[in-house]
Amino acid sequence: MTKPGKVYLVGAGPGDPGLLTRRAHELMGLCDVVCYDLLIDAAVLSLVPAGTTMIPVGYRGYCGTSIEYGMHPEVVEQAMAGRSVLRLKAGDPFIFGRATEECRCLQHHGIDYEVVPGISSALGAAAYAGFPLTSNGMASDVTFASGHRASTTIGNWAAMGQSSGTLVLYMGAKKLAQHARELIERGRDPCTPVAVISAATSHKQRMITAELNEIGERIADFGNGDPMLVVMGQVVSLSEELDWRGALPLSGVQVLDCGGDTALVDSLRHQGAVVVQAPQIELSYTLDDAGWQRLLAARELWLDSREAAESLYHLCLEQQLDCRHWHWRLSGTEQACAWMAQQGLFIKQMEKPASEALSITKYASEGLCLRKVRLIEPVYPLVQASTVTVEEEKAFHYLVEHDLLSADALVFSGCYRVRAEEQRLGFRVNESAPQARRVAA
């Protein structure tokens, strides 16, 4: 009989992948299977290594019916088959996450488990909207309550009348008008500031604010299917003063990164963009027998790009060819020389190959190519992007074929083939270089 695997109940945070805990990110690379909520943002799911089995479980939003199982049956099935399972849950698994039922279910089946807390949506939503949940002289306590149905918690809290505390309603937007009336009837100040935050910490985050006696009318036109969180209290009035995220130049922008310039992607992220790393690119370095004979017989090699330099270096590593014993005279373009210099190898810079040199190239059609590119399609849905970084022709063709580029998409690429194809199709193109980062800013 197969020994059950282990299940990790992991909080994925509210949406921004930068808010994942170190342990959560580590487990993404260690577990055999990832079972994820439908609320998990694609930017988080894109961090799961290619090839890992990914299974969507759960539901999106309050479905209005009771759930008959504890842990999702698919999670139990995978664990009973001996696999380690990452059960990725939005927010924190122990805050309105049904974790009690799930843990009891795992115990019933004799499955070991571990709980990894995550940043709850209330913490992320408030911080990214620019206000605290408690503040000296304004709010000294905070209450979390479920708002999708009548709640004794809401009633008890409201009975405190002029309490200075903050009330957070999870799943409370659909019945917000009803809750507002009840709170006012129980003594809450009708002028209490209220914030409704949608898609917290993601690139789609939106917020409306109003007084308690008005919010029921405002909420009707605000919902668009994204999860919403309600925060009531004087702290909401600080949002305009303390709004740090709105000051970032790329706040609200989602970037689709298809194996582009790492430094550029980091720059975009630091300016407020949320990055989805998909589709993933897998590189390998290999040659057939005829290619090997050509390479070994050559006396001089010219490297046409950074990718060519990288491919020669890694192929020799795999074949245990010590660079100190290379018999080739090496030259290459500026990019190739710069990459080799980073490895402690200094070669002659030449923008064109000598007549007797064998050209090692990025593309097979232009010389001897040592690199193989494999594109790994995401198993979760992607949406159209207005900003994309892409360095591989194959990845760009995937984006076009799957209609993942908006009509006005800004595309960053250092690959001349990609840039030429982008221009032909009418997209705005920038090179993945320092000047491109200034354009992004």
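Let's start with a pair of side chains: Thr389 and Asp257 make a polar contact at 2.6 Å. A polar contact here is a pair of N or O atoms within 3.5 Å; within protein, one must be able to donate a hydrogen and the other to accept it, and residues adjacent in sequence count only if both atoms are side-chain atoms. Keep in mind that this is a predicted model, where local features need pLDDT of at least 70 and side-chain atom pairs count only at pLDDT 80 or more, while totals for chains, interfaces and linings use all residues. Residues are numbered from 1 along each chain as its sequence is written, and side-chain values use heavy atoms, with hydrogens and water left out.

Where do the two partners sit? Asp257 belongs to strand 11, and Thr389 to strand 19 (residues 385-390). Helices (H or I, at least four residues) and strands (E, at least two) are DSSP runs, numbered from the N terminus. Thr389 is buried, with a relative accessible area of 0%. The cut-offs are simple: buried means under 20% relative accessible area, exposed over 50%, and partly exposed in between, with a 1.4 Å probe and protein chains only.

Asp257 is buried too, yet it has no salt bridge; Arg269, the nearest side chain of opposite charge, is 6.0 Å away. For the charges, Lys and Arg count as positive and Asp and Glu as negative, with His and the chain ends not counted. A salt bridge needs a side-chain nitrogen of Lys or Arg within 4 Å of a carboxyl oxygen of Asp or Glu. What the Asp257 side chain does reach, besides Thr389, is the backbone nitrogen of Gly259, at 3.5 Å.

Contact means heavy atoms within 4.5 Å. Leaving aside residues up to four places away in sequence, Asp257 touches Val265, Val275, Val276, Gln277, Ala278, Pro279 and Thr389. On the same terms, the contacts of Thr389 include Val255, Leu256, Leu264, Leu268 and Phe412. For a sense of scale, Thr389 and Met71 are 318 residues apart in sequence and 39 Å apart in space, C-alpha to C-alpha.

Now follow the chain around Asp257. Strand 11 (residues 254-258) runs parallel to strand 12 (residues 274-277), joined to it by four bridges, and Gln254 stands opposite Val274. Two strands pair if DSSP finds at least two bridges between them.

Four strands form an open sheet in the order 16-15-14-17. Strand 16 (348-349) and strand 17 (358-360) stand at the edges with a single partner strand each, so one side of each has no neighbour in the sheet. Strand 14 (residues 300-303) and strand 15 (residues 329-332) pair over four parallel bridges, with Glu300 opposite Arg329.

Back to charges: how many salt bridges does the structure hold? There are 18. One of them joins Lys204 and Asp226 at 3.2 Å, N to O. This pair links distant parts of the chain, 22 residues apart: Lys204 is in the loop between strand 8 (193-198) and strand 9 (206-211), and Asp226 in the loop between helix 8 (215-218) and strand 10 (228-232). Lys204 is partly exposed at 37% relative accessible area, whereas Asp226 is buried at 12%.

Glu307 and Arg306 meet at 2.8 Å, N to O; Glu307 counts as buried at 9% and Arg306 as partly exposed at 33%. In helix 14 (residues 416-425), Arg424 and Glu421 are three residues apart, so about one helical turn separates them. Their side chains form a salt bridge at 2.6 Å, N to O, and Arg424 counts as exposed at 58%. Elsewhere, Lys6, Arg23, Glu26 and Glu114 are linked in a network of salt bridges.

Finally, zoom out. The protein chain has 15 helices and 21 strands, and its C-alpha trace spans about 90 × 60 × 40 Å along the principal axes. Of its 441 residues, 51% count as buried. Among contacts with a separation of 6 or more, 66% come from residues 24 or more positions apart.
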